[in-house]
Every structure is written in structure tokens, then in C-alpha cells.
Amino acid sequence: MNNRKNNKSTSWEGVGKWYNKTVGTKGMHYHQSIVIPGVLRFLDLPLQDNCSLLDIACGQGVLSRNIDKKIPYTGIDISPKLVKLAKSQETSKKHQFFTGDASKKFPFKKDDFTHAAIVLAIQNMEYPADVFSNAATHMTPGGKLVIVMNHPCFRIPRQTSWNIDDRKKLQSRQIDSYMSSQKIPILAHPSKGEKSEKTISFHHPLSKYFQWLNEAGFAVDKMEEWCSNKVSTGSKAKMENRARDEFPLFLALRAVKK
């Protein structure tokens, strides 16, 4: 694992209340319409006694509230505030939550999870390789790990933007950098400027994720790119809708433990 200082701070602790309010009980628009249905399809959770789900960087527990209450579930997140909010909204006795850094030793011993998920969180983690290694340690051979992230090719904070060509009537995506790994601060409330709380986004090229998964003992067996399902109206609707269909918002990977 990577050598680094024992830093227990989290960039999400300061935005916990705002994030919980934004996500809500069932999730935001994209959670409900694209991400959660896609994650459940990738996981393909069977209702069997030996089935169990590990939710890494579970946040305030939105995934736990979208699976069957009979399925044993364990969520872990580095933010005590988000874990507390997750516990307060949980109604299943088979669902439990822990506070911990997913890139370090997990605060529980269970090592036979059949399924695991990292939903819209891996790009907020500084050491993905360690996270994947930890996940493998706590999963059974043949276990499925599902990862959904903002698309690392087209949705890089501060490095990608929209361009409009009025002559061609086309909206395209500009990518200023891709192969370089980056640590990017994000303002939670841009209108507040420097007074806003900040979160951190870590960008890596797609090849790095495949490399780290392989080194952790996983083999990727499924990949999909999910586009926005929103629809524009007005004079620029045609180009905007076309651009949504051409440049996906999310990348989904499923990796199987060897």
C-alpha cells in the first residue's frame, strides 16, 4: 500500500448536512433514474443466505435504502457525520454502518462479502489502489465489485468544458488534459467563493483503474458508459440533446475477484 501520513481528515465532513439534504432519502435525479438502477443491475444481488453487500464510501446510505432489507449490508465511510445520518435513516436490522478510511484497515473482520460497491465516490479517494486491495481482502473469490464514477474521460473538473460551434450547430466537449493524475479542489457552493466549503476530486486516466484493479486481484468483466437522460427545449435543444447522447456522464465497471 501507499506510504503516507495518518491523516483522518475528510473533505466531506464539512458538507455532510448539505450533501444529505441534496441526496435525500432515495437519491438525486441521476441516482434514481440512472445510477442506482444501473448499480443494482450490475450487482445482480440474489436473495440467498450467503449473499452480502459491502458499500465502500457509503455516504448517508442511499444505496442501503435501495436494496432489499433482507440482504446483509455493511457501509463504511470516512465522514462521521454522514455515517450518523445513514444510521438515522436505516430501518433494517441487517444493515450496519462503520466510520473508517477505506484506504486503510477496515474497522470490521467480515471477509466473505459476495458483492461490493463504490458509487460516485472513487474520484474523491486519494488512494484508489489501496481501496481496491482492501475490498479484495474482504470479499470471497468470484465476488463482484461494482464501481460507478463521473466519466474520467469527459467529466474532469476544470479540465473539460463545452464548446458551441454556431456555424455547424454543434455542441462538443473540450478536453484540456487527461493522462495526468490530478488533485482538484471543488467548491461546494461556488456562489460563496473562497468562503465555500471545499471537497477534493482526484482524476486518473481509465488505464490506471484497470491496472489497480488487476493488481488487487480483480478482473473487469463488464463496462458501460451512461449518458444523461435529461432533455433540453428551446432553440439549442437539438445540439444539446445530441451532445448528451455523445458524451456520457458516468462510467460503470464491474470487476470479479479472481
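Reader: Which residue in β11 is the bridge partner of asparagine 150?

Author: The bridge partner is phenylalanine 250. Strands (DSSP runs of E, at least two residues) and helices (runs of H or I, at least four) are numbered from the N terminus. Two strands count as paired if DSSP finds at least two bridges between them. This is a predicted model, so local features need pLDDT of at least 70 and side-chain atom pairs pLDDT 80 or more, while totals for chains, interfaces and linings use all residues. Residues are numbered from 1 along each chain as its sequence is written, and side-chain values use heavy atoms, with hydrogens and water left out.

Reader: How many bridges link β5 and β11, and in which sense do they pair?

Author: Seven bridges, in the antiparallel sense, between β5 (residues 139-150) and β11 (residues 250-257).

Reader: And what is the strand order of the sheet?

Author: Read across, the order is β3-β2-β1-β4-β5-β11-β10, seven strands in an open sheet with mixed pairing. From one strand to the next, the twist averages 15 degrees. Angles here run from 0 to 180 degrees between N-to-C directions, with axes fitted to C-alpha atoms (for helices, over the stretch in contact).

Reader: Which helix lies across β5, and at what angle?

Author: Look for contacts, meaning heavy atoms within 4.5 Å. Helix α4 (residues 128-137) lies across β1 (53-56), β4 (113-119), β5, β10 and β11, and it runs at about 150 degrees to β5.

Reader: Let's zoom in on β4. How many bridges does β4 share with β1 and with β5?

Author: Three bridges tie β4 to β1, and the two run parallel; leucine 54 stands opposite alanine 116 of β4. On the β5 side there are six bridges, again parallel, with histidine 115 facing lysine 144 of β5.

Reader: How many residues of β4 are buried?

Author: For burial, check relative accessible area: under 20% is buried, over 50% is exposed, and in between is partly exposed (1.4 Å probe, protein chains only). Seven of the seven residues of β4 are buried, so the rest of the structure largely encloses this strand.

Reader: Why would nonpolar side chains be buried together?

Author: A nonpolar core means buried Ala, Val, Leu, Ile, Met, Phe, Trp, Tyr and Cys residues joined through side-chain atoms within 4.5 Å. The largest one here has 30 residues, of which Ile56, Ile118, Ile122, Phe132, Leu145 and Phe218 touch the most other members. Two or more residues come from each of β1, β4, α4, β5, α5 (206-215) and β11. Apart from this core lies another of 25 residues, including Ile34, Ile36, Phe97 and Val148.

Reader: What does leucine 145 touch?

Author: Setting aside residues up to four places away in sequence, its contacts include Ile118, Phe132, Leu213, Phe218, Leu253 and Arg254.

Reader: Now some single residues. Is alanine 102 buried or exposed?

Author: Alanine 102 counts as buried because its relative accessibility is 9%. You'll find alanine 102 in the loop between β3 and β4, where it touches Ile56, Asp130, Val131 and Asn134, not counting residues up to four places away in sequence. Aspartate 101 is also placed in the loop between β3 and β4, but at 22% aspartate 101 is partly exposed.

Reader: Where is proline 141, and what is it in contact with?

Author: Proline 141 is in strand β5. With a relative accessible area of 65%, proline 141 is exposed. Leaving aside neighbours within four places in sequence, proline 141 is in contact with Lys257 and Lys258. Proline 141 and valine 256 are 115 residues apart in sequence, yet 7.9 Å apart in space, C-alpha to C-alpha.
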